[in-house]
Each structure stands twice: as C-alpha cells, then as structure tokens.
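Hi everyone, thanks for coming. Let's have a look at the model together, one chain at a time, and then see how the chains meet.

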Amino acid sequence: MSTILLLEQTLNGVQFGLMLFLLAAGLTLVFGIMDMINLAHGSLYMIGAYLMASIAGVTGSFWVALPLALVATALVGVALEVTILRRLYERDHMTQVLATFALILIANEVVRLIWGSQPIMLNGPAGLAGPVELPGGIQYASYRLAIIGVGLLVAVLLYLLVTKTRVGMLVRAGASNREMAVAMGVDIRRLFTAVFAIGAALCGLAGAMLGPILAVQVGMGENILILAFVVIVIGGIGSIRGAFVGALLVGLVDTMGRALLPLFFATLFPPMVASNLGPSLSAILIYVLMATVLFFRPQGLFPARG
Amino acid sequence: MLELRGVTKRFGGVVATEDVTLTVKSGEIHALIGPNGAGKTTLIGQISGALFPDSGEIAFQDKPITRLRQHERVARGLARSYQITSIFRRFSVLDNLALAVQARSGSSFSFWRPVAAERALADEARAIAADINLAEKCDVPAGSLSHGDQRALEVGLALATNPKLVLLDEPMAGMGPEESQRMIALIQRIRARVTVLLVEHDMDAVFRLADRISVLVNGRLVATDVPQQIKMNAEVRKAYLGDELAA
Amino acid sequence: MKAALALLAAACVFPLAMHGLDQHFYIGFGARVLIYAMAAASLNLVLGYGGMVSFGHAAFFGAGAYVTGILAAEGLRSAWIAWPAAVAVAALAALVIGAISLRTRGVYFIMITLAFAQMMYYVFVSLKAYGGDDGLSLPGRSTLGFGLELKNPLTWYYVVLVLVVASLYLLHRIVHSRFGRVIQAIRENETRAEAIGYPVYRYKLACFVVSGAIAGLAGALIANQSSYVGPGLLHWVQSGTLMIMVILGGVGRFWGGPIGALVLLTLEETISGSDWLGPYALHWQLPVGVILLAIVLYAPQGIAGAIRKRRHA
C-alpha cells in the first residue's frame, strides 16, 4: 500500500466529500428549517448536471456555462417550491416522502423526454484536462483539485452567509426553533423559498462539477441522495457544520473503503473470497458508520435542534 | 406506599427537582401544589417512569422502582393521567378503556381471536365508563368528546389499569366550574379503592380533597402537612399563596 | 364482506376468462398483481396499522426472492423447502433490522430502515456467483408435487391466489385481534400506550417481523413468477414502489395494499403497452408520478378512503 495511493485516495475522498457537502447542506437546511424530507433533492442535482451539459454545449465554455447552470437550477428549484413543495410543509413525513418520491419519477421521465435515455457527455474545462504535480511528486488530476477548491470556497461562503449575515441568522434561528422564528415575525414563506433556492443552486453546482467525472444519466440523483441523507443523519439535522463534517467523513470512508478494503482483503483471503467480500463490505461501510454514530449520538454529531 | 428520597433532576443548567423527599401514605389523597415551573410535572414524570432522576431513589410499596420502565410500573399498580390530554382519539371511549383493561388481562400477543369477541374486556370497560360518567358515550370516538369528557376519560384510562396509586396531573385543567365539581366528585368516589397523588392548581379542589399537601417551589419541597397547617405556613404563603388565601 | 367475496369470485374467474379469450399474457399479469398485493398488504401492516414508516421493506421482499433463487440454483427446487426458507430468512432479517431500527424514531427510523435495505442490496449485488448486477435466472419454477406443474400459467395463478387469499385472511385476523388493537393504539398514541402498561418496543418488533415474513413469501413467489431474481428487487426504489401502492390504495385501510397494487400495475401495463401513445409509452412513470402526487396532495386517504367516503356520504 503505497503512500501515493493513500494520498491520492485521500484527496479523492475529500473531493467527493466536498461535493456531498453541497448536496447535504441544502438538504439539511430544508429539513432543519422546514422540517421537510425532500427526496427530490437528488433530482435537482441531476437537473443541474443536464442543464450544465446543454448550456456548456451551446456556449462551448465550461466556466461560462457554470454560473448559468446554477441560476437555471435555482430557478427550477424555486418553481418546484412555489408550486408543489410549499404545500408539504405542514404534512407529515410520510406524505412528504411519497410526494417527493413522485417528483423523482416525474423528473426522471421529463429528463428522459428532453434528453433521451442514454447518458450524455459533459466535458470538463479544457484548461484543466491534465494532471498537476503536487508537493512530493504526485500527479493528481487538476480538475479534481479545482473541485476541491470550489468546494472549500463554497463552504467558506456558506459559513459566512450563515454566521455573518442577517439572512443567515434567520436561517439558524429557524433551524433551531421554527415556531419561535415565526413568532418573532420572520417572513417564513420568503425565507423558505430563499433557503430552497440556495439548496437548489448548491445541487446544481455539485451536479455540474461532478458531471465530467461521474456519468450524466437518469437516476444519478437517487444514488447520491442516499449518501446525502446518511451525511445529514450523521452530521445532525439542521446543522451546516454537521453537514460539512459528515460529508467529509462519508466521502473519505466511502472512497478509501472502496479503494483500500479489497486490497486489504486480498492480502488476507484467497482471491475468490476477496473479490466478493471486498466490494460488498466497502459499500456498506458508510451505513455501518451511520449506525455507529447514531448509537453513540442518536441526534447526530452536531444537532441544531434544541 | 410511595417514597421519594432525594430525587434530583437537571436539564442542562436548570435544576427541575432538587433533593425532593416525600412520602405518600396508603389510602390518602396527597396533593402536590406549587407555582408554575416549580417542577411538579417533572416530579410526576420521574415517579411514573417517563424520566429517570439524576440522583435519589423512588420506592413503591417498599420496592425500589427508580429505574423501572413505565410499563413495568403500571404492572405493579402505579398509573398516571396527563395534564395535556393524551388519549386514543380515533378509538371509541369503550375501546380506549378496554385497551387499558386488556393490558392487564393476559397476553396481547394473540393474533387470531377477534378482540371484539372478548365480552369480559368490554364489560369491565363499561363499568369504568359508568364510573367516570361516560356510560352513554361509550361508542363515541374519543376525539369528538367535549373537553370535560376528555379529561374524565383521561383519568378513566389511568383507573382502568386497576392501579393501587394513581398520579393525577392537573385533572381539572381547562375545566369550567360544573365540570370541576364532577371531577372532584369522581376523585372522592375513587379514593376508597386507590391512593391518589394529585397535582392541581385549583385551590378549591385541593383543599376539599387533600388529606395532606406538599408544596414545591423552584424544584424544592418547602412543606408537607395537613391543609390547615399549609394555609398558615408563612413560607408557603410567601412563596406561593400570596394574598389569595389571606382573603 | 360482500365486496370481498365479489372480488374473490372475480379473481377466480379472471384467468379462465383470459384463457378463453386466448389472452394468456394476462393470466401471468394477474398473478403478478396478486403477488404485489400480498407484498403491499404486508407493508400496510407496519405502515398503515403500525404507523412505522419503513423505507426498507424491499429488503424482505428481495431476501425472500433471493433465497428461493439461490436454493433453486443449487438444485433445491421444492416449494416445500424453498418457500418456508424464504419466509424464515425474511423474518430473521426483519428481526435483526427491526431490533436495531426500532430503537430510533421519526426520520432516523426511516433512514436506518433505508440504510439496511441498501446494505442488503449491496451484499446481494456483490454475489457474483449468483448473478451480481445482472441477477439470477432460475432453472424453472419451484416444484410442488401432487402432479401440479407450476409451469402451467393457470396452475400457477391459482396457487398464487390461494396463498394470497390465505395471507390476506391471516392479516385480517391479526388486525382484529388483541395484537392488532395494541398496534393501532401504538400508532395512535405511543406514549400513552406505554403508560397504560404495554411494552411498546416488543409489539412494534413483532409487527415488523410478521410483516417481513409475509413479504418474504411474496418474494419467493415473485422469483417464481418470472423465474428470475435481480438486485433491483432490494433497491430502495422498490421500497418506494411498495409504499406508493399502499398509499395509493389507502394506508391503514385493509384493502389498501391490494387495491394499490392492482391500480399501479394496471396503470403501468396500460400506459406502457398502449399503442396510440407510441414512443411516449415508455415514459409511463410520468403519469404515474403525476397521479401519485395528486393523490398525496388532494386525497391522502387513498382510493379505499375515497370509496369509504362515498359510501358514507
């Protein structure tokens, strides 16, 4: 097990974790403030990737398309919130699960109708196609480094937004005690819409940035949605800090588990066993992580709710 | 019958009950009074098993119950009614009571026999319904009852478990004068077969019903005595009763 | 009661009619509807009657299917062994998953059940010996003996019908038994149920296990239905589909599961098989999603609830 491999997987884990954070942040806010389980969050991620692919195709430039795709995804999110999701705030969780699950079906089919069933191409920016040399002589894909950079930048911006601005203060108040926030005269509807728009934009960003690495296809939302939920359960519902820590944890455990566990098993067990055991165990690793965290901290690591 | 020794409970930095030592004698009606926020409901919660104390012990009929789960305490004869009505709203009055009777009448891990066929459960439930003056409303869904009737059912549910000691948490909450009189009469009727620990704000009811009164202020027990003595206790008056009783 | 008998009569006559009309495909379709009716009804027990929003029901359905498939692949094709084995494994899985999950509440419960289902999914996907991602084809349907050839569509349909009717009858008895009353009380007011003397956790766990066991039987049947098991049976989207059936039909209403299964599968079949929709027929999930959304928003009691309302209006 070489250091290079270890370092590379760590960076991959951080990169994946930061993108997960983008999804988890929006999800945890929506859940923490509006008390709504939104399964369609993954669909916004998918829509973001598809929109990015189309806009990049039209404009020919990755960096020009990116902010446009973000805004477009945010608009889709707002449209959804205003028409459908806002009716679900008062309903119980099961109803929300069902309704947003229906939205997943609808979104998947609409995407299929517009873009077809085959995965589509989304190319990364031309300038970042090659590897970059890191201290220590390791080659690492420059695009992935860019993702890490963008992820960290967004994390810092979100942190500033939530802790230093008035909107952020309202968000935090709403996350810890919604009734109090309402009682104090906060315009809840506008706040909710704003929170949702931010969440949607974050999803779009994640989708657009991960598109070149993972495939842009129908159903990509569902796979990452589960991970995002695991992240917020681990991190604590309503907490951005929890989403950050949780996302990095999950990103690292998942990436390194998948890469390293099979190798580890190969040294211990015969190849037949190792090739079966390795992938399945590494896949369930994050769920084991979630169960462990919940066992010691049933409310997650940084619960926002009082 | 019920003994509390040094029962203390903290929530974060707030001490809800502090070193409470109190005894409830068999057959008496023991009232627990105190200003809002004094810790009465927290104390009831620790006695019923909804919460566990941070320190101290609770014994019921000379046996320790401090760490027993709620349903185990009920099995031993310790039942509770709630300050905020907590009934089975979509069940009928009869089914509410029958449910409580069923809990103590053999195993409910029975999957085949239709429960509606069990006459014994229904008969006992009807008897309790009569006790709480809801005999004519047996088939009404509990959620449709008037407030006063719901409070009666609230007490009835606790009684249906056939307890030796019942904790009544503000049974008269939100009741008008006529309903309160009926509740007082109900409590007087049941005292013959069950010991009562009564938490109440309605001073008229407390002084009419209680054999002894304990006063809780800011989580501490400041006095336990017969009603006449409590009325004259300077510390109690200062902390709680104020001018009301002086008049 | 009369409605139930009418339904039963219709279900008995249906395949004969299809046979007569030379529409054999629909006999298989009918069997499929029945199997999903059983699976949905089993979910309704924990979801509708027990109030436990389990998003991992596919785990038990899929486990039952895979047990049957794996045994068949290893040469054990007797229904008398494979099907009870499926039930037993599913019940055991429900016991373990339930024991852990039921210690949590609300959204955490939903998440944990979801997570466990995903775990099982990954475990079965990784079993390359049994098909992995592509799934496993069975050599044929289970053997029943008594001269009954399950390969015959009519025989298969009636065997399924008997099992489904039996399981629905069992569920009916359970719902109206002492246990059923306690479970519904727990759904109604868990705190008070505990406060009047019921060890709530034990009841919820028992309910979970019974529900899982029945789902396991449905799984064994679905494996036989197409002589194929795939990991998709364990995917959380499958759990979602089962939930849709229950909600569509009416959660907490006895016929909710079966009605939902019938409506959803018929919708799927009609839309995806229709000629005049042309290439759009592939997108049958779109109207299904829209209908589901409409029901959730405007008719939360589902179809069974709407029928009830009409009758009493």
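This is a predicted model: local features need pLDDT of at least 70, side-chain atom pairs count only at pLDDT 80 or more; totals for chains, interfaces and linings use all residues.

What does chain A look like overall? Its secondary structure comes to 11 helices and 2 strands. Taken along the principal axes, the C-alpha atoms of chain A fill a box of roughly 60 × 50 × 35 Å. Chain A has a radius of gyration of 20 Å, and this agrees with a compact globule, because a globule of 306 residues would have a value near 19 Å. Now look at contacts between residues at least 6 apart in the sequence of chain A: 78% of them join residues at least 24 apart.

Next, who touches whom? There are 2 pairs of chains in contact, and chains A and C share the most contacts. Chain A and chain B have no contact joining them, and their closest C-alpha atoms lie 11 Å apart.

Let's take the A and C pair. Here 33 residues of chain C are in contact with 31 residues of chain A. On the chain C side, the elements that give two or more residues are helix H5 (106–125), helix H10 (236–249) and helix H12 (285–298). Which of them gives the most? That is H5(C), with 11 residues. By residue type, the side of chain C that touches chain A divides into 24 nonpolar, 8 polar and 1 charged.

Now turn to where chain C meets chain B. This time 20 residues of chain C are in contact with 28 residues of chain B. Helix H6 (153–175), helix H7 (178–188) and helix H8 (190–195) of chain C each supply at least two residues to that side. H7(C) gives the most, with 6 residues. The residues on this side of chain C divide into 9 nonpolar, 5 polar and 6 charged.

While we are in chain C, let me zoom in on one residue. Val209(C) lies in helix H9, which covers residues 200–226 of chain C. Is Val209(C) buried or exposed? Val209(C) is buried, because 22 other C-beta atoms lie within 10 Å and the cut-off is 20 or more. Leaving out residues up to four places away in sequence, Val209(C) touches Ala91(C), Ala94(C), Leu95(C) and Gly98(C). Take Ala93(C) too: Val209(C) and Ala93(C) are 116 residues apart in sequence, yet their C-alpha atoms are 8.2 Å apart in space.

Finally, chain B. Here 4 strands form an open sheet in the order E2-E1-E4-E5, with antiparallel pairing. Strand E2 (14–24) and strand E5 (63–64) of chain B stand at the edges with a single partner strand each, so one side of each has no neighbour in the sheet. As a quick reminder, strands of a sheet pair through backbone hydrogen bonds, either parallel or antiparallel. Strand E4 (residues 55–60) of chain B is joined to E5(B) by 2 bridges, and the two run antiparallel. In one of these strands, E5(B), Pro64(B) is the bridge partner of Ala59(B). Helix H1 (residues 40–48) of chain B lies across strand E1 (2–11), E2 and E4 of chain B, and runs at about 60 degrees to E2(B).

Terms used:
Residues are numbered from 1 along each chain as its sequence is written. Chains are lettered from A and ligands numbered from 1 in the order in which they are written. Two residues are in contact if their C-beta atoms, placed from the backbone, lie within 7 Å. Ala, Val, Leu, Ile, Met, Phe, Trp, Tyr, Cys and Pro count as nonpolar, Asp, Glu, Lys and Arg as charged, and the others, Gly among them, as polar. The radius of gyration is taken over C-alpha atoms; the globule rule is 2.2 Å times the number of residues to the power 0.38. A residue is buried if 20 or more other C-beta atoms lie within 10 Å of its own, exposed if 12 or fewer, and partly exposed in between; C-beta atoms are placed from the backbone. Two strands pair if DSSP finds at least two bridges between them. Axes are lines fitted to C-alpha atoms, for helices over the stretch in contact, and angles run from 0 to 180 degrees between N-to-C directions.
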